[in-house]
Structure formats: C-alpha cells, structure tokens
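Open the structure in the viewer and keep the sequence beside it. The tour moves from one selection to the next.

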Amino acid sequence: MNSSTLNATNTTRGDFNYHLYYTVGIVVILVLSVLAVATVVSNGVFLWTFYKDPLKCLRTPSAIFIAGLTSANFLTGLIVEPALVVFYIIWLHVSNSKDVIKFFAS
C-alpha cells in the first residue's frame, strides 16, 4: 500500500461532511417533540381517570403499581424529553454554525 492511497482514504475533521448528523439531530428533535406531547397527554388522562375513579375500583395493588409507573412516565414526558430536545437544539446551534446554515440552505 503506497502513501497516496492511504492519504486519499483518510479524511480530516475539516473535510468530514456533517450533513448526516444534522439530519439525525433534526429528526430526533421532531420525534421527541411529538412524543413528549403524546406522553404527557396520554399519561395525564390516565392519571386523571385514576384520580376521578367514581366506583373506587382502581384501588387494587396492581392498579396502584400501574399508576406509579404512569406517573414516572408522565414526569419523563414532562421533564426529560423536552430537556433532550433543548440539548439537541443547543448542539445544532453551537456545532459549527456555518455548516448548519449550509444544511438549511441546501
């Protein structure tokens, strides 16, 4: 293997195309935004139903366990998923702004 072949296959940080990373970042932002809203709404409806149970039939240990899991999932949709969306937005903003502008221009 000669040195010209080796140099042709290596890329430096400046030559690397970050288009795929920006695409994945934007897709993650969109998916997590939709999932956060769906998670909060669906788990909120279940928790409200559990709270307003008129017949008091949801007071079994298994139902209380499921309500605990639902409340943890509700908090995940309320806190963790939006925080991750903010993280990805900051990452797109901070990581080489010229490449981000080129990405949106193309």
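**Start at Thr70**

Select Thr70: this residue is buried, at 9% relative accessibility (buried means under 20% relative accessible area, exposed over 50%, partly exposed in between, with a 1.4 Å probe and protein chains only). This is a predicted model, in which local features need pLDDT of at least 70, side-chain atom pairs count only at pLDDT 80 or more, and totals for chains, interfaces and linings use all residues. Residues are numbered from 1 along each chain as its sequence is written, and side-chain values use heavy atoms, with hydrogens and water left out.

Thr70 is part of helix H3 (helices are DSSP runs of H or I, at least four residues, and strands are runs of E, at least two, numbered from the N terminus). Leaving out residues up to four places away in sequence, show what Thr70 touches: Asn43, Phe46 and Leu47 (contact means heavy atoms within 4.5 Å).

Next, select Thr39, in helix H2 (residues 19-51). Thr39 is buried too, with a relative accessible area of 12%. Beyond its neighbours within four places in sequence, Thr39 contacts Gly44, Asn73, Gly77 and Glu81.

Now colour by pLDDT, the predictor's confidence in each residue, from 0 to 100. The chain averages 81. Helix H3 (residues 61-94) has the highest mean, 92, and helix H1 (residues 3-9) the lowest, 49. Where pLDDT is low, the predicted coordinates should not be read in detail.
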